[in-house]
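Hi everyone, thanks for making time this morning.

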Amino acid sequence: MELRVVLLLPLCFPGLQAQTREELSQREGSNLSVLCHYPAEHEYQVLKSWCRWIDQGCQLEVAIIDTRTEPYTERASQGYITIQDDPIHRNFSITMTDLRVEDSGTYFCAYRKGWQDYVPLKWILLNVFKEFHKLELDSLSVQCPYRDLGYSSGRKAWCRYAGQTGRCEHVVSTDTTYTWSINKGQKGRASIQDDTQKRTVTITMEKLQAQDSGVYWCALYRPHTSIPFTRIMEVRLSVAKRPAATTLSVTTGTSQNYPPGNSTQAHLWSFTLQALLGFFINKVLVILLLVFLQRRGCCRIEKLRTAEGSPGQLPEEERS
């Protein structure tokens, strides 16, 4: 898990001091746990909640009202988001299990005093990324949903994120910003397709190479601006080299070259079967030769015995 701390200004919470927020990167399918401390005053005991920052406000995910737990979203109702209070140590914990890329966003744990707005105790910027492990010459296909982000009217792009510089290098982008069609783009081995009706971007990369390994973004693309890429989803790609082609010699003296991508185990079985077949053929030939020589020897002995029984007469082949 990666963690970065950045400064967050109070924005819509008047009187709130500037706070830090933790930026967490989690692999899709993993779990997240957050611990939130609160002071001992009674007003902090009434309502404790886990909010998602949407439209400059709190979208409740799950909350504790007095001692009762209330889920507010489908994921919370299904048990993927839980909250637990520990009044003795004056903290409450939030757990998000089986994270999805759609869970990426800004969250905060908060209390509510009377009828006032929710007052944040801790901010979390959650980035849920997909992870792929491929071999050279494989293809990659990634779907990036953005239906919860409202990005249907903008161009989309696939860029390679350089962590050292904090910049994302353009790979391929859609050509248009139409909201009523499927927008496409292609550059080299990479292509992009934006289905604005389903609000999903599909990225394809063909004939992967080891040097393609890295961190990529599906992003909202605003060229000619100071920040041209706004991350929709992060993808971490690892491309390994394929094992070298195997050359195997069989008893006939010939060799077979197997192209990359075939199963080495299958090739080994093929070689073993050919070797066994050659071994048995050689055995059979040796046995047949021995039988032939034995029979020839027996015939010769028989002829000599016949010759001995007829003095003065040699076998025809001896006379010759």
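**Disulfides and a buried strand**

Let me start with the link of Cys159 and Cys168, which is right-handed, with 90° about the S-S bond. The sulfur-to-sulfur distance in this disulfide is 2.0 Å, and a disulfide here is a pair of cysteine sulfur atoms within 2.5 Å. Cys159 and Cys168 are both buried; buried means under 20% relative accessible area, exposed over 50%, and partly exposed in between, with a 1.4 Å probe and protein chains only.

Before going on, a word on where this comes from. It is a predicted model, in which local features need pLDDT of at least 70 and side-chain atom pairs count only at pLDDT 80 or more, while totals for chains, interfaces and linings use all residues. Residues are numbered from 1 along each chain as its sequence is written, and side-chain values use heavy atoms, with hydrogens and water left out.

How many disulfides does a search of the whole structure find? It finds four, and counting bonded cysteines along the protein chain, the pattern is 1-4, 2-3, 5-8, 6-7.

Next, please look at Cys51 and Cys58, whose sulfurs are joined at 1.9 Å. The torsion about their S-S bond is about -65°, so this disulfide is left-handed. Cys51 is buried, at 0% relative accessible area, whereas Cys58 counts as partly exposed at 27%.

Then there is the disulfide of Cys144 and Cys218, with the sulfur atoms 1.8 Å apart. This pair links distant parts of the chain: Cys144 sits in strand 11 (residues 140-145) and Cys218 in strand 17 (residues 214-221), 74 residues apart. Both Cys144 and Cys218 are buried. For the record, strands (E, at least two residues) and helices (H or I, at least four) are DSSP runs, numbered from the N terminus.

Strand 11 takes us to a neighbour, strand 16. These two pair in the antiparallel sense over six bridges, where pairing requires that DSSP finds at least two bridges between the strands. Val142 has Ile203 of strand 16 as its bridge partner. Strand 15 (residues 190-195) also runs antiparallel to strand 16, again with six bridges, and there Ile192 is partnered with Ile203. Four residues lie between strands 15 and 16 in their hairpin, where Arg199 takes a positive phi near 55°.

Why is strand 16 (residues 200-205) largely enclosed by the rest of the structure? Six of its six residues are buried, so that is how it comes out. Thr200, Thr202 and Thr204 point one way, Val201, Ile203 and Met205 the other, and all are buried.
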